[in-house]
Amino acid sequence: MDRSPNLLDQALGLHDGESTWSGRVVLIEDCVETSAAFVLHHLVKGFLSPLSSSAIIFVAFAQPFSHYDRILRKMGCNLVVQKDNKRFIFLDMLTLECPGENQKSVEASLLPGGSRSITILIDDISLMEVAVKGSSSHVLDFLHYCRTLTTEFGCSLVVLNHEDIYSSIERPTLILQIEYLAEVIIKAEPLVTGLATDVHGQLTVINKGNSDGLSLQNKMCNFHFRVRENSVEYFYPGSRT
Amino acid sequence: MAELIRRALRDGALDGEHAPALTIKDNIDSPFGPHVFNHVLAQLSANILAGKSQSQSVSFIFEHQLTFGLQINRVEKTTLLPFKNGLGFWIVTRILLAGRIGLWSVEALTNQSPKASNAVRLCKDVRNLDNLFSSILQLGKELVGQGKGRFSVAIDSATEMIRHASISSLAALLSNIRSHVTALLVCSSFCCQLPADIATVTSVLEYMSSMVASIEPMTRSASGQRGNYENLSLLERNSKTGKFHVRLKRRNGRVRLMSEDFCIEQSGIKFTPRSGDGETISQSLVPKVQFNLQLSEKERIERAKVVLPFEHQGIGKPIEIYDGRQSLNENNIENSSTTEKLPTSQDPGKGEIIYFRDSDDEMPDSDEDPDDDLDI
């Protein structure tokens with residue numbers, strides 16, 4: 001497997017094995033011009049790699065299972081097998097039609113399962129807000145619950161959100177709150193100079209570090225990326241001709 | 001300045017007075033409220049452990065994070081109470097696994113007192129802060145004993161409480177706590193409220209606290225727009241450093257404003273006096289008058305050389321500072337030993353005034369009124 005660390009892994013501190021990566025809250029922000037779904041796929045693949053034993057709970061509001069399955073298969077990761085191994089638990093909120101509240105009970109029934117490090121991925125928050133009929137308070141309650149899990153059971157929480165949805169609101173409560181909670185913020189933006197064929201956008205990774213002082217070094221990275229058929233290239237601006 | 005806060009929280013309240021309360025405010029541009037909170041809390045615990053404080057125990061109210069105390073221990077290299085003396089208790093909010101009504105669980109983390117060790121109370125509804133208050137008080141009394149509760153309360157964070165409870169009930173809770181405990185510490189972040197709410201909540205909290213510490217970024221981006229990540233260096237600077245403003249209300253209503261810089265380091269948070277630019281600003285604010293209000297550099301040096309009559313200690317002898325309320329016995333022994341020795345070591349014919357500067361004293365030449373807390 002080619003798991004040579006790329007710039008994204010380095011920025012996230014994942015290059016020396018993701019076992020060190022527990023109890024964190026990660027926020028991925030993107031916008032219409034530049035989707036950051038590939039970051040999510042990358043993380044799924046990383047967490048499900050045969051080297052680690054972690055499990056994923058995927059709360060999907062955006063796409064059905066077949067969508068993720070197809071993409072991850074191209075990247076060399078079979079979600080169906082992982083699902084059978086109980087390492088990938090997929091909650092399809094599109095068909096489940098949960099009225100918002102039941103998410104908690106659904107997860108509660110799944111969680112006490114293992115001592116493995118579990119990552120909760122949510123794709124995405126803005127659609128979750130739609131599912132609970134626009135009540136951001138419900139969403140915050142749910143995030144609070146997830147965060148309680150991160151501190152008590154060492155779960156990680158990865159959340160995708162679309163920033164430009166909130167651009168018309170003066171103080172977008174929800175997104176500010178998540179940004180405040182998050183220890184790592186990954187932000188995908190288009191290039192300032194506009195569209196280019198070789199560069200699809202830029203990623204800014206802000207690694208606030210844990211508040212426990214062990215990794216307080218505040219790292220900030222900015223690099224360009226290019227999405228390919230089954231992989232993504234990351235490079236610093238100007239390092240590619 | 002952080003020192004002043006520490007002292008105020010340590011010394012607590014006089015009889016029949018509301019406890020000193022510190023509110024820490026931060027915001028999304030400089031989210032270091034928890035760091036300052038940890039720092040102050042660790043200092044308070046250290047004081048309590050050393051027996052210097054009026055209170056004997058701390059109660060923590062956290063939105064979650066049972067491991068919080070352990071984190072503080074690691075960062076600040078101190079021992080929080082619950083893990084040493086068996087005093088102190090936690091109050092943790094949890095969002096219930098099913099259903100939307102949250103839960104306050106009041107848990108005493110004591111290992112010594114068997115009576116309190118199983119004292120886990122559940123307040124079924126996070127919106128009901130009255131219940132919470134009575135649980136705090138009850139458990140506090142069980143731990144510390146009857147009488148006026150000699151314990152402090154630390155809340156992280158008030159803004160999370162407001163999501164569940166109304167502002168008026170929060171105000172009632174804080175006010176009730178202040179009248180029953182020694183010191184109150186509140187952390188709140190103002191990123192998650194609507195603009196109208198922010199103004200109300202801020203003023204309510206500021207009214208109710210005797211000290212307000214606000215944390216601001218070193219430099220704000222010129223555009224003032226959120227989510228502008230173009231200026232990475234600015235962002236990087238704000239991610240490690242910031243400004244720390246404190247407003248202190250004295251008993252007589254005098255207000256003191258101070259500010260410091262802080263930076264986040266591996267070993268915790270470090271406070272440093274304002275660098276450079278603050279001074280020039282204050283000088284330019286002095287009105288133009290015909291006589292000289294400012295000392296020249298030479299005059300300043302000259303003044304620093306003057307030894308005040310009672311400040312004899314610095315000459316050749318170590319400066320002793322009386323840091324009150326350690327323990328009575330200790331002081332008695334020290335005092336008696338010094339008074340016994342002195343007549344023999346000194347020339348009996350010569351009189352001398354022995355003066356220990358109190359740690360609470362203002363520096364000489366300060367314009368503070370040392371007696372402003374006297375109730376004449």
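Tutor: In chain A, nine strands make an open sheet with mixed pairing, in the order S3-S2-S4-S5-S1-S6-S7-S8-S9. Strands here are DSSP runs of E with at least two residues, helices are runs of H or I with at least four, both numbered from the N terminus, and two strands pair if DSSP finds at least two bridges between them. The edges belong to strand S3 (88–92) and strand S9 (232–235) of chain A; each has a single partner strand, so one side of each is left without a neighbour in the sheet. On average, neighbouring strands of this sheet are turned by 20 degrees against each other, direction ignored; the axes behind that angle are lines fitted to C-alpha atoms, and angles in general run from 0 to 180 degrees between N-to-C directions.

A word on the ground rules. This is a predicted model, in which local features need pLDDT of at least 70 and side-chain atom pairs count only at pLDDT 80 or more, while totals for chains, interfaces and linings use all residues. Residues are numbered from 1 along each chain as its sequence is written, and chains are lettered from A and ligands numbered from 1 in the order in which they are written.

Now look inside the sheet. Strand S4 (residues 118–123) and strand S5 (residues 156–162) of chain A run parallel and are joined by four bridges. Leu121(A) has Val158(A) as its bridge partner in S5(A). Leu121(A) also belongs to the largest nonpolar core, which has 59 residues; those touching the most other members are Val26(A), Ile28(A), Ile56(A), Ile120(A), Leu121(A), Val159(A) and Ile178(A). Such a core is a set of buried Ala, Val, Leu, Ile, Met, Phe, Trp, Tyr and Cys residues joined through C-beta atoms within 7 Å. Buried means 20 or more other C-beta atoms within 10 Å of a residue's own, exposed 12 or fewer, and partly exposed in between, with C-beta atoms placed from the backbone.

Beyond four places in sequence, Ile120(A) is in contact (C-beta atoms, placed from the backbone, within 7 Å) with Ile57(A), Val59(A), Cys146(A), Cys155(A) and Leu157(A).

For the whole of chain A, there are nine helices and nine strands, and buried residues make up 40% of its 241 residues. The average pLDDT, the predictor's confidence in each residue from 0 to 100, is 77 for chain A, and 78% of the residues score at least 70. Take care at residues 211–216 of chain A, where pLDDT stays under 50.

Note on methods
Contact = placed C-beta atoms within 7 Å.
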